[in-house]
Amino acid sequence: MKIGGARGGVAVRDQGDEQDLKLNLHRYLVESIEEDEVELSSWVRGAVLEYVREKVAQYVAGHQLPLTQMDLDRLAEDLVDELTGLGPLQALLSDPSVSEILVNGAQHIVVEREGRLEETDRRFIDDAHVRRVIERILAPLGRRLDEASPMVDGRLPDGSRVNAVIPPVAMDGPSISIRKFKADPLQGRDLVVYGTLNEELLSFLRNAVERRANILVSGGTSTGKTTLLNVLSGFIGDSERVVTIEDTGELQLGHRHVVRLETRPPNVEGFGEVTARDLVKNALRMRPDRIVLGEVRGDEVMDMMQAMNTGHDGSMSTIHANSASDALLRMEALFGMAGRQIQEATVRQMIGAAVDVIVQLVRLPNGRRCISEVAEVVSVRDGHYVTNVLFELDRAHDRIVHREGAPASGKLRRN
């Protein structure tokens, strides 16, 4: 067996050798822990690492393996992550440059850095190893994952969002998707630096929030909708009472008067579910000045539109759509999920009266997330939405341009 140091793991003749070594060491450590009658969960990481290093050195010496000190240190770190953390994912979770972690089966771990996906050289031992890590994530959450319920959402202690899927739904083995939580959320100036928007557009959006415009942030998956929603929410005045509603708490508003609500899935017996619609209805009884809904995706759309139309100006949400016009059509489609028979013309009038501005996000081929369009919803005439594009992305010159013409709504006009 040829073994030498390498970034991200021990370099061996093939991945099978490395995984076999780690598996054997893991078994040896478990046996040693039982024999020594120690409880590593109550130890600090440094003490656990010293214990594991000693055991790894004993194993390597006993089997006469040609390992360098660098190899020993790397093995010990990986095994500590396995014993006390999330195995091969632990170092990726600690890497500030990684924004998302995607596990596509035991042998394929991908990360996102600066909007681009990158292969990693980290691996799980086998599918059972992936399942153990998933169970470790879910244990404190009381969530269920088995063949009867093969999909689950959860959250790590640091706030990172987790989705896990197992066979038979996941055909190629257990899958994990982790969207990491930023302890220090991005601010408007950061989005200018990253090229998501420019100073003029940032100033316009700040003005729109301050003037209590109802804003819908639209975009595809991983285009930065929640990040932008968090930035926009930061422009709300401290004297206003805000209620946020999310499936998984990601918004970080630094206001004095914020109530954070989170949906809840049903328990093992199928009871206790709390939906976004339940929370929107309840929020209306909590004397909110504004409601911030993390994402509108179901029958809660009706209650959210009614809130925007009945004294809760300045409310905000996000939606999955590929353009501003598609976002309006998507809203109509969601109304159909509410289970009420409402004429199409009435639905359009409700949406047209509720939404003041749509901010469309895209992710460019180079991975950069950018605002591609800002459209004002003016009215509904002859059964069609009348919109006014205020800003748009000039792709040829890679810049955001301000279209000629003033906004029709007083909420969007400058003083």
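Because the model is predicted, local features are reported only at a pLDDT of at least 70 and side-chain atom pairs only at pLDDT 80 or more, whereas totals for chains, interfaces and linings use all residues. Residues are numbered from 1 along each chain as its sequence is written, and side-chain values use heavy atoms, with hydrogens and water left out.

The mean pLDDT of the chain (the predictor's confidence in each residue, from 0 to 100) is 87, and 95% of the residues reach 70 or more. Over residues 1-13 the pLDDT is below 50, and beyond near neighbours in sequence this stretch has 33 contacts in the model, a contact being defined by heavy atoms within 4.5 Å.

Rings of Phe, Tyr and Trp (its six-membered ring) are taken to pair if their centres lie within 6.5 Å, with planes under 30 degrees apart counted as stacked, over 60 as edge-to-face and the rest as tilted; by this rule there are 3 aromatic pairs. One of them joins Y28 and Y59, whose ring centres are 5.3 Å apart and whose planes stand at 55°, so the pair is tilted. Since Y28 lies in helix α1 (residues 15-36) and Y59 in helix α2 (residues 45-63), the pair ties together parts that are 31 residues apart in sequence; helices (H or I, at least four residues) and strands (E, at least two) are DSSP runs, numbered from the N terminus. Y28 is partly exposed, with a relative accessible area of 23%, whereas Y59 counts as buried at 10%, where buried means under 20% relative accessible area, exposed over 50% and partly exposed in between (1.4 Å probe, protein chains only).

F204 and F391 form a tilted aromatic pair, with 5.3 Å from centre to centre and 55° between the planes. F204 in helix α7 (residues 199-210) and F391 in strand β16 (residues 384-394) are 187 residues apart, and the pair thus links distant parts of the chain. Both F204 and F391 are buried.

Of the 7 residues of strand β14 (residues 357-363), 6 are buried, so β14 is largely enclosed by the rest of the structure. Two strands are treated as paired if DSSP finds at least two bridges between them. Strand β9 (residues 215-219) runs parallel to β14 and is joined to it by 5 bridges, with I358 in β14 as the bridge partner of L216. Strand β15 (residues 369-381) runs antiparallel to β14, with 7 bridges joining the two, and here I358 stands opposite A375. β14 and β15 form a hairpin with 5 residues between them, and G367 in the turn has a positive phi of about 95°.
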